[in-house]
Amino acid sequence: MASIKDAVEEAITDNLAFVKYFLYAIPVFICYIMFSQGNMGWFYVFGFFTLLMLITVLIQCIYNVRNGKNYVLPTFNILTFIVSAFKALFAVGPLLGLALWIGNLLISISIPIPVPNIQLIYAIIVWLILGSIIVTSLILYSKTQRIKDAYNITLISNTCMDILVAIIFFIPQLLLVNGLIVGIITYLFGVFLSLDNPFYIFLCCMALAINIAITGNYLAQIDYEIVPRDNNN
């Protein structure tokens, strides 16, 4: 069974883990500064590449764990990292764009049922189903990093609902972990310093990167348990 405990331990004990989290946090912190200063043009530009970086970290974590590497986080090879980032964009980007288009189309349909909040409930169901398809595609791609695996429609349709259920159980566990770690740090800064302290903001940026690694590890465990595999996977 997928274990949040194992995911957390491996994410924080990986070789040079906190050096890498520090580096990952820098562009996130820059995005925060741009947003807080109202520099929205550069925020969107830099934010796009920061988001691409975080998605690449997620994909590489899934790949490393799923393929039995003795490390979780990506290596310091910047060229490999850049290639992986744009390859991931081409692999999952079109499906994500299609899902967003279909989702907006579906939620615009009015549900003629006189039940309170029925439209909101309907929208949540639509986005959960489409989200599960995207996450499943991402997992399938991450395992092999072959673009064609991101579009294995049969495997996606057979496993996306099971993966959705597993992720729903994962979310409260991740929130609990953050409540214990980030919550304590937030309390200490709130009492003794200030939540506007740049050091606190940077720690939150590092926490985001750590959450990405934990999630990647957990998704790799989910893949191993749920997705059928052949002898090569």
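Axes are lines fitted to C-alpha atoms, for helices over the stretch in contact, and angles between them run from 0 to 180 degrees between N-to-C directions. The exercises below apply to a predicted model.

**Exercise 1. Determine how helices α2 and α7 are oriented to each other, and which residues form their contact.**

Solution. 
Step 1. Two packed helices are described by the angle between their axes and the distance between the axes.
Step 2. For α2 (residues 17-36) and α7 (residues 198-226), the axes come within 8 Å and cross at roughly 120 degrees.
Step 3. Angles of 65 to 115 degrees count as roughly perpendicular and those over 145 as roughly antiparallel. The two helices are therefore oblique to each other.
Step 4. The crossing of α2 and α7 is right-handed.
Step 5. On the α2 side, the contact comprises Phe18, Tyr21, Phe22, Tyr24, Ala25, Ile26, Val28, Phe29 and Tyr32. These meet Pro198, Ile201, Phe202, Cys205, Met206, Leu208, Ala209, Ile210 and Ala213 of α7.
Step 6. By residue class, this contact holds 18 nonpolar residues, no polar and no charged ones.

**Exercise 2. Classify the packing of α3 against α4.**

Solution. 
Step 1. The axes of α3 and α4 (residues 78-107) come within 9 Å and cross at roughly 95 degrees.
Step 2. This angle makes α3 roughly perpendicular to α4.
Step 3. From α3, the residues in contact are Phe48, Phe49, Leu52, Met53, Thr56, Val57, Ile59 and Gln60, while α4 supplies Phe81, Ser84, Ala85, Phe86, Ala88 and Leu89.
Step 4. The contact divides into 11 nonpolar and 3 polar residues, with no charged ones.
Step 5. Phe49, one of the α3 residues in this contact, is partly exposed, at 47% relative accessibility.

**Exercise 3. State whether Asn64 is buried or exposed, and identify what its side chain approaches.**

Solution. 
Step 1. Asn64 belongs to helix α3 (residues 40-66).
Step 2. Its relative accessible area is 2%, so Asn64 is buried.
Step 3. Beyond residues up to four places away in sequence, Asn64 touches Lys69, Tyr71, Val72, Leu73 and Pro74.
Step 4. A polar atom of the Asn64 side chain lies 3.4 Å from the backbone oxygen of Leu73.

**Exercise 4. Examine the backbone and accessibility of Leu16 and Gln145.**

Solution. 
Step 1. Most residues other than glycine have a negative phi.
Step 2. Leu16, which is not a glycine, has a positive phi of about 55 degrees. Leu16 is placed in the loop between α1 (4-13) and α2.
Step 3. With a relative accessible area of 45%, Leu16 is partly exposed.
Step 4. Gln145, also not a glycine, has a positive phi of about 60 degrees. The loop that holds Gln145 runs between α5 (118-144) and α6 (153-192).
Step 5. Gln145 has 12% relative accessibility and therefore counts as buried.

Terms used:
Residues are numbered from 1 along each chain as its sequence is written. This is a predicted model: local features need pLDDT of at least 70, side-chain atom pairs count only at pLDDT 80 or more; totals for chains, interfaces and linings use all residues. Side-chain values use heavy atoms; hydrogens and water are left out. Helices (H or I, at least four residues) and strands (E, at least two) are DSSP runs, numbered from the N terminus. Angles under 35 degrees count as roughly parallel, over 145 as roughly antiparallel, 65 to 115 as roughly perpendicular and the rest as oblique. A crossing is left-handed if the near helix is turned anticlockwise from the far one by less than a right angle, and right-handed if clockwise. Contact means heavy atoms within 4.5 Å. Ala, Val, Leu, Ile, Met, Phe, Trp, Tyr, Cys and Pro count as nonpolar, Asp, Glu, Lys and Arg as charged, and the others, Gly among them, as polar. Buried means under 20% relative accessible area, exposed over 50%, partly exposed in between (1.4 Å probe, protein chains only). A polar contact is a pair of N or O atoms within 3.5 Å; within protein, one must be able to donate a hydrogen and the other to accept it, and residues adjacent in sequence count only if both atoms are side-chain atoms.
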